[in-house]
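Dear colleague,

I am passing on the structure below, together with some notes on what turned up when I went through it. Please read the notes with the structure open beside them.

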Amino acid sequence: MKKQHAFALSALTALLVTGCASVPSSADLDKLAADVVKASFRDQGIVKVSAIAPEDINEACTAADVAGKPIDPDLAIKLQDAQLKTIKWPADGKYLGDWKAGEKLAQSGRGLTWTDKADTANGGNCYNCHQMDPKEISFGTIGPSLTGYGKTRGVIADPTSPASKAIIEYTWGKIWNAKAYNACSVMPRAVHKGIITEAQAKDLMALLLDPKSPVNK
C-alpha cells in the first residue's frame with residue numbers, strides 16, 4: 001500500500017511540475033484522480049472497492065457538473081431508461097409494509113461500514129435529507145419535505161385503488177432507484193445498490209402513504 005501511495009504522489013508531483021510549463025488536460029487530471037483513488041482504498045470487512053467503480057450515469061453527471069451545465073437531455077433519458085429497467089416490482093403485488101418499522105428505518109443511518117457484519121440491517125437515513133414527520137425538529141434539507149406525502153397526493157384514502165396506481169409505482173421506483181426518474185439525482189439508489197431490502201422498502205412506502213403514519217397527520 002505504501003508503494004501505491006508513493007506512486008500516486010509521484011504522479012501528482014510530475015503533473016504539478018509539468019503544470020509550470022503547461023496546464024494538465026482534463027484527461028490527465030481524471031487519470032490522476034483515478035490512480036489516487038485506486039491507491040488509497042482497499043477491501044476491508046464488508047466494504048469493497050468495487051462500490052466506487054465508475055458508472056456511465058455517474059460519469060456523465062459529473063462531467064456535466066464540471067462543465068457547469070445540465071446533462072444533455074437525450075443522454076439523460078437514455079440513462080434513466082436503463083435505470084428504470086433495474087426496478088423490480090413486488091412479486092406479491094403489495095407495496096405497503098409497516099409504517100412503524102419504516103419510521104425506525106428512516107431515523108437510522110447505521111450500516112455499510114467496514115466494522116459492520118454482512119447480516120447487519122442497514123438504516124435508510126431518510127431524515128438526513130428530508131423532513132417527514134411535521135413534528136420532527138432535526139432533519140436535512142438536501143431533498144424536499146415529504147410531510148403530508150400521501151395525504152396531499154390523495155393516495156391514503158385507498159392505496160390499492162386504480163387511481164393511486166401511478167403515484168404508488170412512482171414512489172416505489174423512486175425508493176428502489178432514484179436515478180430512473182432523474183439521471184443526476186443525489187438520492188441513493190436504495191434497493192438497487194443493496195442499501196436496504198425490498199421488505200424495508202415496503203416499510204418506507206407505508207411511512208409515506210399509510211394514513212396512520214405521522215407523515216400524513
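Lys-202 counts as buried, because its relative accessibility is 14% and the limit for that class is under 20%. Please bear in mind that this is a predicted model. Lys-202 forms a salt bridge with Asp-92, and the closest N and O atoms of the two are 2.9 Å apart. Since Lys-202 belongs to helix α8 while Asp-92 sits in the loop between α4 (73-84) and α5, the pair ties together parts that are 110 residues apart in sequence. Asp-92 itself is partly exposed, with a relative accessible area of 47%.

Of the 12 residues of α8, 10 are buried, so the helix is largely enclosed by the rest of the structure. Among these buried residues are Gln-200, Asp-203 and the run Leu-207, Leu-208 and Leu-209, and the buried residues of α8 pack against α5, α6 (149-152) and α7. The length of α8 also agrees with expectation, because 12 residues at 1.5 Å a residue should span 16 Å, and its end C-alpha atoms are 16 Å apart.

What is the largest nonpolar core made of? It has 26 residues, and those with the most contacts inside it are Met-132, Ile-175 and Ile-196. The elements that give two or more residues to this core are α5 (99-107), α7 (165-176) and α8 (198-209), and the largest share, 6 residues, comes from α8. Leaving aside residues up to four places away in sequence, Met-132 touches Ala-106, Cys-126, Tyr-127, Leu-146, Thr-147, Leu-207, Leu-208 and Val-215. A second, separate core of 8 residues includes Ile-57, Ala-60, Cys-61 and Ala-76. In soluble globular proteins, nonpolar side chains tend to be buried together.

There is also a nonpolar patch on the surface, formed by Val-37, Phe-41 and Ile-52, which have about 260 Å² of accessible area together. Phe-41 is placed in the loop between α2 (26-40) and α3 (56-67), and at 47% relative accessibility it counts as partly exposed.

As for the remaining salt bridges, a search of the whole structure finds 7 salt bridges. In one of them the side chains of Lys-31 and Asp-35 meet at 3.0 Å, N to O; because these residues are 4 apart in helix α2, about one helical turn separates them. Lys-31 counts as exposed at 52% relative accessibility, whereas Asp-35, at 18%, counts as buried. Arg-110 and Asp-116 also meet in a salt bridge, at 3.4 Å, N to O, and Asp-116 is buried at 12% relative accessibility. Salt bridges that share partners join Glu-55, Arg-189 and Lys-193 into one network.

Finally, some totals for the chain: it has 8 helices and 0 strands, and 35% of its 217 residues count as buried. The chain exposes about 13,400 Å², of which carbon and sulfur atoms supply 60%.

With best wishes

Conventions. Residues numbered from 1 in each chain as written. Predicted model: local features only at pLDDT ≥ 70, side-chain atom pairs only at ≥ 80, totals over all residues. Heavy atoms only, no water. Core = buried A, V, L, I, M, F, W, Y, C linked by side-chain atoms within 4.5 Å. Buried < 20%, exposed > 50% of the residue type's maximum accessible area, 1.4 Å probe, protein only. Contact = heavy atoms within 4.5 Å. Patch = residues over 30% accessible without salt bridge, like charges linked within 9 Å, V, L, I, M, F, W, Y side chains within 5 Å. Areas by Shrake-Rupley, 256 points an atom, 1.4 Å probe, with all protein chains shown as cover. Salt bridge = Lys/Arg side-chain N within 4 Å of Asp/Glu carboxyl O. Expected span 1.5 Å × (residues − 1).
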